[in-house]
Amino acid sequence: MFISRVEIPWEVVRNPYEIHRRLWRLFPGEGHETGSSDDDARNSFLFRVEDQSTGRPARLLMQSRQAPVCAEGVNLLGSREFLPSPGEGQRLAFLLTANPVRTIVDAQREAKPGKQSAKCRVPLIKEEDQRQWLARKLAGAASLERVEILPHAPLYFRKGKGGGKLGVCTFEGLLRVEASEQLASLMQNGVGPAKAFGCGLLLVRRLG
């Protein structure tokens, strides 16, 4: 695995949908993700926006399976290799920006061919619902000892002629490792949906 710091021009990041597309330039020859599930194994990268202000380039932290290479339109500030190796019983500080949602059946929408019902995702707004969502995502891999939740403004994006909105928040706190391989897999593959919009990258660090 590689962890990298990247800078992207303002004219790109002002539409969050374009960030992921621009980051692909760092991995020429890599096929785009085809997984249909939030929990599918990923072959490419995860990222989170660490610093963004109007009119200025945004700074991102990116995690990838392959080493990124310099590319036009993306400023690769630095990169290093690392191996996620959480130990069972270990207490770790964690940081995660995520898109907590639940899936419901939408009676107003027409189901896709071959499907009995139309489903859609709705954001979880209440802190307790968000906390329970995270606990479910970590179940079997780690238990939460403490968590604080920082809400974000809605994330608006444009895609083709349409657009959309995502509900995003940041979780920060302490966890205890229950199964090292499962937690390492979550760190590699990400947590929850909207990974193409900077969600899902689980960062941990040792205490002390």
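Author: Contact here means heavy atoms within 4.5 Å. This is a predicted model, in which local features need pLDDT of at least 70 and side-chain atom pairs count only at pLDDT 80 or more, while totals for chains, interfaces and linings use all residues. Residues are numbered from 1 along each chain as its sequence is written, and side-chain values use heavy atoms, with hydrogens and water left out.

Reader: Leaving aside neighbours within four places in sequence, which residues is L202 in contact with?
Author: With the neighbours within four places in sequence set aside, the list for L202 includes V191, M187, L183 and L138.

Reader: How many residues does the largest nonpolar core have?
Author: A nonpolar core is a set of buried Ala, Val, Leu, Ile, Met, Phe, Trp, Tyr and Cys residues joined through side-chain atoms within 4.5 Å; buried means under 20% relative accessible area, exposed over 50%, and partly exposed in between, with a 1.4 Å probe and protein chains only. In the largest such core, L134, F171, L183 and L202 have the most contacts inside it, and its residues number 21.

Reader: Which helices and strands each supply at least two residues of this core?
Author: Helices (H or I, at least four residues) and strands (E, at least two) are DSSP runs, numbered from the N terminus. Those that each supply at least two residues of the core are the helices α3 (127–138) and α4 (180–189) together with the strands β5 (91–98), β8 (142–151) and β11 (169–177).

Reader: How many residues has the other core, which lies apart from it?
Author: Among the residues of this other core are W24, F27, F45 and V74. Its count of residues is 16.

Reader: In what order do the four strands of the open sheet stand?
Author: Two strands pair if DSSP finds at least two bridges between them. The edge strands, each pairing on one side only, are β2 (45–51) and β4 (75–81). The pairing is antiparallel, and the order is β2-β3-β1-β4.

Reader: How many bridges join strand β1 to strand β3?
Author: Strand β1 covers residues 2–8 and strand β3 covers residues 58–64, and they run antiparallel. R5 stands opposite L61 in β3. The bridges that join β1 to β3 number seven.

Reader: At about what angle does helix α2 run to β2?
Author: Axes are lines fitted to C-alpha atoms, for helices over the stretch in contact, and angles run from 0 to 180 degrees between N-to-C directions. Helix α2 (residues 16–23) lies across β1, β2 and β3, and its angle to β2 is about 125°.

Reader: Why is the pair of Y17 and F197 called tilted?
Author: Rings of Phe, Tyr and Trp (its six-membered ring) pair if their centres lie within 6.5 Å, and planes under 30 degrees apart count as stacked, over 60 as edge-to-face and the rest as tilted. Y17 lies in helix α2 and F197 in the loop between α4 and β12, 180 residues apart. Their ring centres are 6.3 Å apart and their planes stand at 40°, so the pair is tilted.

Reader: What kind of aromatic pair do W24 and F45 form?
Author: W24 lies in the loop between α2 and β2 and F45 in strand β2, so the pair ties together parts that are 21 residues apart in sequence. W24 is buried, with a relative accessible area of 8%, and F45 counts as buried at 2% relative accessibility. With 5.1 Å centre to centre and 70° between the planes, the pair is edge-to-face.
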